[in-house]
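Here is a short briefing on one protein chain. Look over the sequence and the structure first, then read the points below.

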Amino acid sequence: GLDAVDRVFGQRGAARHVAVAEHRLVHNLAFTRQESAGLRAAQRVWPTIVWQASAVSACDDRDGTRQCPGPRDVVQGQQSLMEIAAHSNLLLDPELGSYQLMDVALIQTPDVLSSDAALAAALTTRTAARRDVWAALGQTNAAIDKMFDAAARVDDPQVRAATAAATAAWTRYERAAEAFAAAPRNAMARAAYLEARVTFFATVDAVWRASADALDAHLRDRIDILNARLTAGFLFTILALVISGALMALIGQSIVSRQRNLVQTMKTICDGDLQTRVPYRDHENETGEMARAVEIFRSAMIDRQMLAQHLETERRLLEAKVETRTLEVAESAACAEAAARKLTMALATAKAGMWGCDVVTRRFWMSTAAEAICGRPLRKEDVVEDVWPAVIEEDQPRLAALFRRFLTDGEP
């Protein structure tokens, strides 16, 4: 019980207080039931003790041989009663009312019987000294006073009524015992003593039974109260479990729904919708911590997206620059190629020779290479027809068309 509660809930808290209270109730109920069982056992033993004590005076031991029960038998019965009380926790009852009833029923009343048994044995024994008789009478008187004092503290009308009857019976019994002790051979004194003793024993038995019945009723009432408390505690525990279970279910449902919302928000963010608002960020609990973690993830995704956009822009700018530079390089290469072609053409032209013609004056001029190709130097009187054989045959039609267009249309 309590060890398990300590391991689960610790040394403090409402759970431990409830467990301790229930443990005490169960312990008190078992303790009281054990007392009730011990009282029933004492009620079975008590008649034997009463018979043994009353039988002491029924035997005439004036011849010195006692065959009836003696004081020692009564003392053994009293010890058996005390053992029952000790094993059943009757002597350890913490309640004052129960302890007072137990004191009357299990200690003082049996002590009266054992003291009276010693007195009866002394009165009915021929060899007993007078001082022993008066000493036994004094001990019985002291035991009676203790029983009366203990019974007076008991708050029970039946016990008090039985005690009052026992007080009157003891007064007559004490006088009869003193008279018999003074005249042990007087038959009338003996008969009066025996009659008073029987009456006294009946009242003492009534006191014991009244106190035992009151103690039994007290224990039964306590058992009923403890059972009612345990039942109420059990019902309260069930009700508390039901209420706590319902509350836990509601709280769990709330937590689960919030977690589902956070999971759905996370999926939406992972799908690319970074404008989604993360809920529960202002909660000061585990859900709030999870929401703030999701918000950090969303912010990181936004930063990543912005970085990706920036890198894409930079890539496009770089590609544009590369394309522009490529065009520039291509144009430079084309220009270089054109220059090379012009240079090559110039070199080839210089090598092949050049000639020109003034259409108006119909005069020609030639380079040295061209004169070498024609096979003669150019004369001043040479006209087109003179140098026409030197023109490449494939170029002659195109060149002739140029001359005609200039002469007829005036185009340069």
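**Helix pairs and cores**

Helices α4 and α5 are roughly antiparallel to each other, a label for angles over 145 degrees, while angles under 35 degrees count as roughly parallel. Their axes cross at roughly 160° and come within 8 Å. This is a predicted model, in which local features need pLDDT of at least 70, side-chain atom pairs count only at pLDDT 80 or more, and totals for chains, interfaces and linings use all residues. Residues are numbered from 1 along each chain as its sequence is written, and side-chain values use heavy atoms, with hydrogens and water left out.

**Overall make-up**

- The chain has 11 helices and two strands; helices (H or I, at least four residues) and strands (E, at least two) are DSSP runs, numbered from the N terminus.
- Read from the N terminus, the order is α-α-α-α-α-α-α-α-β-β-α-α-α.
- The chain holds 412 residues, and 33% of them count as buried. Buried means under 20% relative accessible area, exposed over 50%, and partly exposed in between (1.4 Å probe, protein chains only).
- Take the contacts in the chain between residues at least 6 apart in sequence: 63% join residues at least 24 apart. Contact means heavy atoms within 4.5 Å.

**α4 against α5**

- The crossing of α4 with α5 is left-handed: the near helix is turned anticlockwise from the far one by less than a right angle.
- On the α4 side, the contact includes D103, V104, Q108, T109, D111 and V112. On the α5 side, it includes V133, A136, L137, Q139 and T140.
- D103 lies in α4 and counts as buried, at 9% relative accessibility.
- Beyond residues up to four places away in sequence, D103 touches Q108, A150 and R153.

**α4 against α6**

- The axes of α4 and α6 cross at roughly 15° and come within 13 Å. That makes the two helices, α4 and α6, roughly parallel.
- The crossing of α4 and α6 is left-handed.
- From α4, L101, D116, L119 and L123 meet V159, Y173, A177, F180 and A181 in α6.

**Nonpolar cores**

- The largest nonpolar core has 57 residues, and L90, L106, L113, L119, L123, Y193 and F200 touch the most other members. Such a core is a set of buried Ala, Val, Leu, Ile, Met, Phe, Trp, Tyr and Cys residues joined through side-chain atoms within 4.5 Å.
- Two or more residues of this core come from each of α2 (14-58), α3 (71-87), α4 (96-123), α5 (130-152), α6 (157-182) and α7 (187-270).
- Another core, of seven residues, lies apart from it; L274, V278, A291 and V294 are among them.
- L106 is in contact with A42, L81, M82, A85, L90 and W208, leaving aside neighbours within four places in sequence.

**Two further residues**

- N141 sits in helix α5 and is partly exposed, with a relative accessible area of 24%.
- Past its neighbours within four places in sequence, N141 is in contact with W170 and E174. N141 and W170 are 29 residues apart in sequence and 9.0 Å apart in space, C-alpha to C-alpha.
- R72 is in helix α3 and counts as exposed, at 68% relative accessibility.
- R72 and A53 are 19 residues apart in sequence and 9.9 Å apart in space, C-alpha to C-alpha.

Notes:
Axes fitted to C-alpha atoms, helices over the stretch in contact; angles between N-to-C directions. Parallel < 35°, antiparallel > 145°, perpendicular 65-115°, else oblique.
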